[in-house]
Amino acid sequence: CWSDHYDLSLRLFCNLAESEYCNCQFQKVDAIAGEILDRARTVDDAMPGYWALMKSHGARGNNAKAANLGFDVLEKLGVKFPRSNVSKAHVLKDIAKTKLALRGKSEEYLKNLPAMTDCVKVSAMQVLTSMFAYAHHVKPEYALLVANKMVRLSLAHGATDESAFGFASYGCILCNMGEFKAGCRYANLALALLHRFDAKDWIAHVYALAHSTVLFWQVDMRDTLDPFLYSCRMGLEAGDNEYAMYSVMDYCIHSFYCGRPLEPLEEEMKTYCYQMVEYGQDGIHSLTVPYWQTILNLMGCNSDQTDGGDLTRLTGDAMDQDLLTKEAYAKSNFMSTSLINVNRFYLAYTVGNYDQARELSETLANLSDFTASMFVTFYVDFYLGLLSFALARECKSTKRKHWVKKGTKCLKKVKAWANVSPANWQHREYLLEAEHAAVVSGGGKAPDKAAAFFDRAINTANSNGFVHEEALAYERGGVFFAETGNEHMASRYFARSQELYLVWGAKAKAELVRTQYTSLVAQARRRRSFQVFKKRRWGNRVTANVGLTPNGGR
């Protein structure tokens, strides 16, 4: 068959490999890809086989295998990368090289780069785009080199469909370095190149990356939700199951951080996680289930009884913490272990277990290596600031200074982010300012500044629609007023905090507030002002229950 009808056999086997990939028959993909690689007469003919094999490894969470295969293929195409450990200095030098190549290039010039005509370079761009995520999960420093290589190849040899992903990934690098305006510029350029080339096959790749790591800096986070759903739909239509599922993963994560009501969000997340399994995207599923289980824990639906229903333990209907951690380490899926620890850290702070939160925060020192400029990277700094000020309140003088200094460092970061994206960060800055003022004022000496910042945090969170962090600001304000002896205000704040956690859907957290401050909460709930507050907040509840529909916006 191959010897007599080589071209026909090659096309048939390539189409068969793609079909079996879409059907999640990965062992068959491996066998078919192996046949293509054995029979192919040229590297160019072998490319579909390599591509299918790489995606097959990645879908099963074997990111190291997928990334190493990508580097092997690139070497055959004449694109070389260092195979030993890459230093931070090497990466920074490579980024500087890309910045130099881009210097003086206007947006108009970059939008109208000549088309890439070198077939070998086009193949290299396809491999680089396909392997970026795999490298990022296991060798994040190599993912940075991959992104820079895509940009420089586009500048030197012309633009192709995959150039859009290259510029989006470069925007991600810049945002991780704090250059948010420049990062957004290149992410928007990526969207323009998608339109220029009508590159529908790469929409999911570019949309997922651009909106999850860059573009939330220029819009309200809620404005990224429809693009994720559109990205998923276009990815499924193009057979790009992988990035379609990345898109709904990002949709779920952003929905959680936006404070969408937990009950409808949990239903959506369950549907999407089942869909990930259906499409054989085990690696992406492992990144999403820690958030699903976190939501179940907050809702009081943790079915794990081994630790008496410990809210900080991610074991229940969505996942088994120990099993998933073991599997992640076995597959070198360090991003998965990072997100498990992120969610445990968040829950530990949320339930007031500050010692556990402190221990978990130490595991997140290198979080940005694996999460790059995803929102979670920055969100952890916000919670680290909250934790630091909480620990400072509990410590004696020497340790207290350490935690105040650490909290102040986080506050400075959040303040800078609020200047760039006030819709997403202003209320968080005010809450850290309040906690800082509460600590440095020494309790009752000068409470006015802290009280004013707590009110600002509450009002700004309310006006920007972050109900979960409005509840948090009320709770932390209640702690402050209780410490300063203002029982009336403490009871008012705790009762409203509890009610807002219920509005959000976090029944377990609401019950925790009620039991910790029983008499104070009961006092306030009898007041007429609380009944007015309760009626208004439940009446204004917005479910924002958008679903995975074909009408998702761009």
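The model is predicted. Helices α9 and α11 pack with their axes 9 Å apart, and both Glu-435 and Ala-461 lie in helices, α22 for Glu-435 and α23 for Ala-461.

**Packing of α9 and α11**
- Helix α9 spans residues 163-176 and helix α11 spans residues 203-213; the angle between them is about 15°.
- Because angles under 35 degrees count as roughly parallel, α9 is roughly parallel to α11.
- The crossing of α9 past α11 is left-handed.
- On the α9 side the contact involves Ala-164, Phe-165, Ala-168, Ser-169, Cys-172 and Cys-175, which meet His-205, Val-206, Leu-209 and Thr-213 of α11.
- Of the residues in this contact of α9 with α11, 7 are nonpolar, 3 are polar and none is charged.

**Glu-435**
- Helix α22, residues 422-440, contains Glu-435.
- The relative accessible area of Glu-435 is 1%, so the residue is buried.
- A polar contact of 2.7 Å links the side chains of Glu-435 and Arg-476.
- Leaving aside residues up to four places away in sequence, Glu-435 touches Arg-476 together with Tyr-349, Leu-386, Phe-389, Arg-393 and Phe-454.

**Ala-461**
- Ala-461 belongs to helix α23, residues 447-464.
- With a relative accessible area of 1%, Ala-461 is buried.
- Beyond residues up to four places away in sequence, Ala-461 touches His-427, Phe-466, Glu-469 and Glu-470.
- From Ala-461 to Ala-208 the C-alpha to C-alpha distance is 27 Å, and the two are 253 residues apart in sequence.

Methods
Residues are numbered from 1 along each chain as its sequence is written. This is a predicted model: local features need pLDDT of at least 70, side-chain atom pairs count only at pLDDT 80 or more; totals for chains, interfaces and linings use all residues. Side-chain values use heavy atoms; hydrogens and water are left out. Helices (H or I, at least four residues) and strands (E, at least two) are DSSP runs, numbered from the N terminus. Buried means under 20% relative accessible area, exposed over 50%, partly exposed in between (1.4 Å probe, protein chains only). A polar contact is a pair of N or O atoms within 3.5 Å; within protein, one must be able to donate a hydrogen and the other to accept it, and residues adjacent in sequence count only if both atoms are side-chain atoms. Contact means heavy atoms within 4.5 Å. Axes are lines fitted to C-alpha atoms, for helices over the stretch in contact, and angles run from 0 to 180 degrees between N-to-C directions. Angles under 35 degrees count as roughly parallel, over 145 as roughly antiparallel, 65 to 115 as roughly perpendicular and the rest as oblique. A crossing is left-handed if the near helix is turned anticlockwise from the far one by less than a right angle, and right-handed if clockwise. Ala, Val, Leu, Ile, Met, Phe, Trp, Tyr, Cys and Pro count as nonpolar, Asp, Glu, Lys and Arg as charged, and the others, Gly among them, as polar.
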